[in-house]
Amino acid sequence: KAGELSDHLLSLINDILDMSRIEAGKVELECKAFSLKKLGEHLYDMFAKTLEARSVHYEVKFEDMTVDYVKGDELRLSKVIINFLSNAVKFTKEGEITVTFRQMMLQNGKADLMICVHDTGIGMKTEFISRIFRPFEQEDASTAHNYGGSGLGMAIADSMVRLMNGQILVESEEGKGTEFSVYLS
């Protein structure tokens, strides 16, 4: 229990520091080559045992990919996807969670990518989706009480993706699940 509390506090402090850096314009993105396949394997390994124990089908897949190595900030991109996956794990008790890497276009050696995290969890109310990327927003008081979280993860993810000149699209239906898609070019 003490370890859980210290992990939660450390996570909260890191979120507050990340948000402060973003608001102060002090985030510098790294631009170096990294493997999408290795990133996918890392994402799979992080959550596979937990989801297997719950009998939730979990898959990381690659569609229409002709490139493996891309240039960008692997650490920050993985934090965004891990945030979406952590929420999917938190809110999905049965069914499936899928991460899909899809190459949208390849032009002049540059790939446009979509990375989608899909779950069959509890979903969200339509009116919450318009507020989801605001700092400290949660669907309602019971969400924080029942599931935890600071309400900063989505704001940080949105800011990071915007810094990468990308965008996040959210689709969700209450009781049926949620899909977060990150588009990067």
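This is a predicted model: local features need pLDDT of at least 70, side-chain atom pairs count only at pLDDT 80 or more; totals for chains, interfaces and linings use all residues.
**Exercise 1.** Find which strands stand at the edges of the open sheet.

*Solution.* 
- Start with the strand order, which is 2-4-5-7-6. The sheet has five strands, and the pairing is mixed.
- Now look at the ends of that order. Strand 2 (57–63) and strand 6 (167–173) each have a single partner strand, so one side of each is left without a neighbour in the sheet.

**Exercise 2.** Describe how strand 5 and strand 7 pair, then name the helix that runs at about 20 degrees to strand 5.

*Solution.* 
- Strand 5 (residues 110–119) and strand 7 (residues 177–184) pair in the antiparallel sense. Seven bridges join them.

**Exercise 3.** Classify the ring pair Phe84 and Phe180, and decide whether each residue is buried or exposed.

*Solution.* 
- Check the distance. The ring centres are 4.5 Å apart, and the limit for a pair is 6.5 Å.
- Check the planes. The angle is 10 degrees; under 30 degrees counts as stacked. The pair is therefore stacked.
- Place the residues. Phe84 is in helix 3 and Phe180 in strand 7, 96 residues apart.
- Check accessibility. Buried means under 20%. Phe84 has 1%, so Phe84 is buried. Phe180 has 5%, so Phe180 is buried.

Note on methods
Residues are numbered from 1 along each chain as its sequence is written. Side-chain values use heavy atoms; hydrogens and water are left out. Two strands pair if DSSP finds at least two bridges between them. Helices (H or I, at least four residues) and strands (E, at least two) are DSSP runs, numbered from the N terminus. Contact means heavy atoms within 4.5 Å. Axes are lines fitted to C-alpha atoms, for helices over the stretch in contact, and angles run from 0 to 180 degrees between N-to-C directions. Rings of Phe, Tyr and Trp (its six-membered ring) pair if their centres lie within 6.5 Å; planes under 30 degrees apart count as stacked, over 60 as edge-to-face and the rest as tilted. Buried means under 20% relative accessible area, exposed over 50%, partly exposed in between (1.4 Å probe, protein chains only).
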